[in-house]
Amino acid sequence: MGMIYEEIYDYVKDLEIIDTHEHLPPFEHLREKDTDVLKEYLAHYLSCDLVSAGLSPDDYEKVMDNKLSIMEKWKLVEPYWDYSRNTGYARSLDIAVRELYGIDKICGDTIEELNKKFQDSLKPGHFKKVLKEKSKIKISLLHALLFENEKIVFDSKLECDHDIFRNVYPIDGIVFPQMGDDILRIEKQSGITICSFDDMLEAGEKLLDNALKQGTVALKSALAYQRTLHYERVTRHEAEEEFNEFFKYKHMGRYLPQVCPRGKNYQDYMMHYMLRLAGKKRLTIQFHTGIQEGNGNILSHSDPSLLSNLFLEYPDVDFDIFHMSYPYQNVVAALAKMFPNVFIDMCWAHIISPGDSIDALARWVDSVPVNKISAFGGDYIFIDGVVGHQHIARENVSKSLARKVEVGAFDVERAKEIARMVFYENPLRIFKLEDKL
Ligand SMILES: [Zn+2]
């Protein structure tokens, strides 16, 4: 790396940044304590690379329970970890253990010492050390995941530690209820008994208002995991007809899981309805696009151009498009260039594909106004990963900008200015955080 890179990185490494997206526990005391370093670090991301490389699902299960010793677990994953050693996911963890525990890399020689130091980090104070001291994060936008019987449930309890987080409100439970139980949950959270489709619409608005009262700064949808991002305009009649199916199962009582019929018309209508409300309240919505976490899904559901009708029909809603839409990063660039209400968010991106993140940002500064891009969101469900991710993000942004300076596109001062915008000023403005910090 040359002098220009060094000069830019030297500035970027100390920048205070805004973290657009995390899935961490909303309070440190809610952190799982009955754990070890591999169970925690393989809760997501690298675990998918390991399975993709050949780790059997049965062996992965063994890593995720508490029966084996840390060395026995390591032996199960070691060959696949070595195959994955150079991916962004693995690099992020090697950086994390170096920055947090002074350990060079995760391997057979270090795993036991690392696990001891990790156990020590379960004491209070570690969250602030990671987010504030080590990662220099001003604030993280939090989509807290709540699990019931190992399934994600949608909750309106949006309390979180305001020293480190601001919450975002996931609308997926309203747009796409998975089970009848989800509708019962919506009744409980909204205080509205759902006897008709109209009641459901009223509940949706009530939940949104509740979320705003509780300080939510944005909405969020991750439904590209379950269905296509193409939300067609359907009539109220079509949506209501599908919703009414739900009442056919009312007689089954609460001792059986209540069935919730699937209906794309209902979902499509509800997404449009929630966006109309978001527009009236001038809210930003974060949309998952691009690669889905896990080992198998339908990638084409997540193409961000499928959202074009929503961009056109809801000009008062700002759309924050997640994960640089990887591998659709050129598509999202065109969308951000075309639409005043479309913004690119690089959360998760720097560890999905560090090289593509560097290339994409270098291209976007040629094609997209630079106020349209946010450079960092950790997107981790466990705390230590954030420090590795922000480290890679700072390096990547510096590499992109250095590349442009080297070819004479702009000077080092402009590179620093762009870095400050993508890491801080843009997310501050896009999420209207100025008076909320
Ligand atoms: Zn996420």
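This is a predicted model: local features need pLDDT of at least 70, side-chain atom pairs count only at pLDDT 80 or more; totals for chains, interfaces and linings use all residues.

User: Let's look at E8 itself. Which way do its residues point?

Analyst: Asp318 and Asp320 point one way from E8, while Phe319 and Ile321 point the other way, and all of them are buried. As a general rule, side chains in a regular strand alternate between the two faces of the sheet.

User: Which strands does E8 pair with?

Analyst: On one hand, strand E7 (residues 284-287) runs parallel to E8 and is joined to it by four bridges; on the other, three bridges join E8 to strand E9 (residues 342-345), again in parallel.

User: What is the handedness of the crossover from E8 to E9?

Analyst: The chain goes from E8 through H15 to E9, and this β-α-β crossover is right-handed. A right-handed β-α-β unit is also made by E7, helix H14 (residues 308-313) and E8.

User: What joins E7 to E6?

Analyst: Three bridges join E6 to E7, and the two strands run parallel; within this pairing, Ser221 stands opposite Phe287 in E7. In strand E6 (residues 218-221), Ala218 and Lys220 point one way and Leu219 and Ser221 the other, and all of these are buried.

User: How many bridges join E5 to E6?

Analyst: Strand E5 (residues 165-170) is joined to E6 by three bridges, with the strands running parallel, and Leu219 in E6 is the bridge partner of Tyr169.

User: So what is the strand order of the whole sheet?

Analyst: The sheet is open and has eight strands, in the order E1-E2-E5-E6-E7-E8-E9-E10, with parallel pairing. Its edge strands are strand E1 (17-22) and strand E10 (373-374), each of which pairs on one side only. At the E10 end, two bridges join E9 to E10 in parallel, and Ser374 in E10 is the bridge partner of Asp345.

User: Switching topic, how is the chain divided into domains?

Analyst: There are two parts to the division, domain 1 (3-31 + 138-436) and domain 2 (35-121). The centres of domain 1 and domain 2, taken over C-alpha atoms, are separated by 28 Å, and the contact takes 17 residues from domain 1 and 17 residues from domain 2.

User: Which elements give two or more residues to the domain 1 side?

Analyst: On the side of domain 1 that touches domain 2, those elements are helix H16 (349-352) and helix H18 (384-406). H18 gives the largest share of that side, with seven residues. By type, the residues of that side of domain 1 divide into seven nonpolar, eight polar and two charged.

User: Back to His323 for a moment, how far apart are His323 and Phe118?

Analyst: From C-alpha to C-alpha, His323 and Phe118 are 29 Å apart in space, and they are 205 residues apart in sequence.

Technical notes
Residues are numbered from 1 along each chain as its sequence is written. Domain bounds come from an automatic or database domain assignment. Two residues are in contact if their C-beta atoms, placed from the backbone, lie within 7 Å. Ala, Val, Leu, Ile, Met, Phe, Trp, Tyr, Cys and Pro count as nonpolar, Asp, Glu, Lys and Arg as charged, and the others, Gly among them, as polar. A residue is buried if 20 or more other C-beta atoms lie within 10 Å of its own, exposed if 12 or fewer, and partly exposed in between; C-beta atoms are placed from the backbone. Two strands pair if DSSP finds at least two bridges between them. A crossover is right-handed if, with the strands pointing away from the viewer, the path from the first strand over the helix to the second runs clockwise.
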